[in-house]
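Please find below a note on the model under review.

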Amino acid sequence: MKKIFFLILISLFTHTKFLTGQWTLKTNGLPAQWQLGIAIDASDKNTAALAIKIKSLIIPAQEYLFVTLDCGNNWYPRLIPENSVSHVSILSNEKIYYSSMTGKIYGTSDGGGNWWCGFDNQSLTTYMNYVKMFDALYGVAMGNGAHSSSPPVFLKTASGGVGWYSVNNHNIGSASGDDWRRISFVNKDIGYFFSSVNTIPTLYKTTDGGYTWMPLSPSNYIYVVKFYNENYGLAYSVQSNSPKGIIYKTTNGGNNWKEIEIATTGWGNDIEFVPGRPEIVWFTEGDKLFLSTDSAESWNKQQISFEGSKARDIAFGDEKHGWILCDNGKLFYTDNCGGLITDISDVNKNFPNSYLLNQNYPNPFNPTTIISYQIPSISFVTLKIYDVLGSEIATLVNEYKNSGNYTVEFDALQHSLSSGIYYYQISINTTFGEVNNIFSKSKKMVLIK
């Protein structure tokens with residue numbers, strides 16, 4: 001009997017290890033059931049904070065804050081001034097911030113032992129939607145207008161969240177129409193916001209921390225907007241005349257957008273880029289989970305069951321460790337980016353450690369030739385063809401590329417080129433449109449007909 005019990009334990013342990021290779025339930029220390037998943041944020045692979053709405057027969061439904069310091073092996077409740085959390089932002093196990101559904105912003109610098117109220121102005125807002133701290137000093141926040149005729153409130157802090165000041169110098173409706181899903185700041189100055197209440201639904205951009213906003217296309221109704229940096233971002237919408245789900249993608253800060261179809265038409269919940277791996281993007285809509293591994297160019301529905309529970313928010317602490325917060329007592333965890341990265345050493349295995357642009361082959365050529373290059377880390381790559389006068393003939397590559405070796409074919413016939421000397425040039429940056437290149441190289445090639 002003991003032997004059978006031991007074998008069962010071994011079987012369960014092995015099965016559990018297998019499950020942790022993808023996404024698995026991990027709710028240690030959390031209440032058995034909660035009504036609604038509000039938000040989750042992670043500061044590293046060990047540390048995360050989440051807010052959930054709990055309803056019982058004893059007390060009315062309230063929002064509570066929990067923190068883990070050990071990859072979710074244990075979740076600890078934090079005694080907070082108000083159980084009305086709308087959004088969370090965590091910098092470390094000590095510095096935690098949350099916005100409230102009563103229009104306030106709270107923070108702690110000792111892990112939740114003591115809290116301060118950094119903002120409370122009911123004449124400006126009675127509902128705070130979003131809070132984001134970028135470091136120990138700077139952060140931004142957004143709240144709905146206090147009245148239907150008043151604008152949404154944008155706040156900034158330069159004092160670690162102890163004090164916040166309003167930057168309301170705009171007229172872009174009165175609210176976003178959702179909590180935190182329609183606002184995305186990548187730093188204290190550059191942010192994106194979709195406004196849909198008491199205005200024509202519009203996606204806006206600010207470059208001065210919220211003082212002024214400029215309208216952007218697309219003009220469709222946006223459910224979720226998320227930017228990886230100031231240039232590369234995504235927005236989710238549904239075309240009502242089809243209907244079909246659309247992911248809008250920009251790599252130049254919203255100046256231009258590309259439409260990419262996705263197989264869902266519901267209300268989107270979250271878009272999440274994997275830290276340091278912008279080509280890997282996760283997206284949730286209702287009880288569906290989608291994955292892109294090519295910078296949002298294509299999307300695949302994942303075979304994961306949320307058991308009828310909506311997936312509300314995704315957060316990654318690093319390139320491997322992430323969370324999906326759902327309703328009804330469901331919290332999913334991965335320690336290898338949902339099965340994409342089994343070990344951190346695998347990321348760099350057999351990858352180059354330097355930048356290189358190779359000579360095209362064959363050379364001379366007619367009419368096609370192959371150009372190859374290598375990059376040691378995720379970068380924005382531009383590869384162009386020029387004539388001897390410096391006039392641009394073609395752009396062969398203009399997108400984010402992961403670490404690796406790449407080849408691209410150039411066909412002179414498509415551009416009606418005559419025999420002669422041509423040049424190809426590669427420019428590699430960390431972001432789209434960056435002035436200072438990490439690496440730039442040109443080489444000569446000869447077309448002979």
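1. Basis of the model. This is a predicted model, in which local features need pLDDT of at least 70 and side-chain atom pairs count only at pLDDT 80 or more, while totals for chains, interfaces and linings use all residues. Residues are numbered from 1 along each chain as its sequence is written, and side-chain values use heavy atoms, with hydrogens and water left out.

2. Strand β15. Helices (H or I, at least four residues) and strands (E, at least two) are DSSP runs, numbered from the N terminus. Buried means under 20% relative accessible area, exposed over 50%, and partly exposed in between, with a 1.4 Å probe and protein chains only. Strand β15 (residues 191–195) is largely enclosed by the rest of the structure, because 5 of its 5 residues are buried. In a regular strand the side chains alternate between the two faces of the sheet. Both faces of β15 are covered: Gly191, Phe193 and Ser195 are buried on one side, and Tyr192 and Phe194 on the other.

3. Partners of β15. Two strands pair if DSSP finds at least two bridges between them. β15 pairs with strand β14 (residues 183–185) in the antiparallel sense over 3 bridges, and Phe193 in β15 is the bridge partner of Ile183. These two strands, β14 and β15, form a hairpin with 5 residues between them. Strand β16 (residues 202–206) runs antiparallel to β15 and is joined to it by 5 bridges; here Thr206 in β16 stands opposite Gly191. The hairpin of β15 and β16 has 6 residues between the strands, and in it Asn198 takes a positive phi near 60 degrees.

4. Strand β27. Why is strand β27 described as largely enclosed by the rest of the structure? The reason is that 5 of the 5 residues of β27 (residues 322–326) are buried. Gly322, Ile324 and Cys326 lie on one side of β27, Trp323 and Leu325 on the other, and all are buried, so that both faces are covered.

5. Partners of β27. Strand β26 (residues 311–316) pairs with β27 in the antiparallel sense over 5 bridges, and the bridge partner of Ala315 in β27 is Trp323. A hairpin with 5 residues between the strands is formed by β26 and β27. Strand β28 (residues 331–334) runs antiparallel to β27, with 4 bridges joining them, and Phe332 in β28 is the bridge partner of Ile324. In the hairpin of β27 and β28, with 4 residues between the strands, Asn328 takes a positive phi near 55 degrees.

6. Nonpolar cores. A nonpolar core is a set of buried Ala, Val, Leu, Ile, Met, Phe, Trp, Tyr and Cys residues joined through side-chain atoms within 4.5 Å. The largest nonpolar core has 26 residues, of which Leu65, Tyr98 and Phe154 touch the most other members. Elements that give two or more residues to this core include β2 (36–42), β3 (48–54), β4 (62–68) and β14, and the largest share, 3 residues, comes from β6. Contact means heavy atoms within 4.5 Å. Not counting residues up to four places away in sequence, the residues that Phe154 touches include Ile183, Phe185, Phe193 and Trp213. Another core, of 21 residues, lies apart from it and has Val408, Tyr424, Ile428 and Phe439 among its members.

7. Cis peptide bonds. Tyr361 and Pro362 are joined by a cis peptide bond with omega about -5 degrees, and Pro362 is in the loop between β29 (356–357) and β30 (368–375). A cis peptide bond also joins Asn366 and Pro367, with omega about -10 degrees. Pro367 is likewise placed in the loop between β29 and β30.

8. Cys71 has a positive phi, near 60 degrees, and is a residue other than glycine. Cys71 lies in the loop between β4 and β5 (76–78) and counts as buried at 13% relative accessibility. Ser295, in the loop between β24 (288–292) and β25 (300–301), has a positive phi near 60 degrees. Is Ser295 buried or exposed? Ser295 is buried, with a relative accessible area of 5%.
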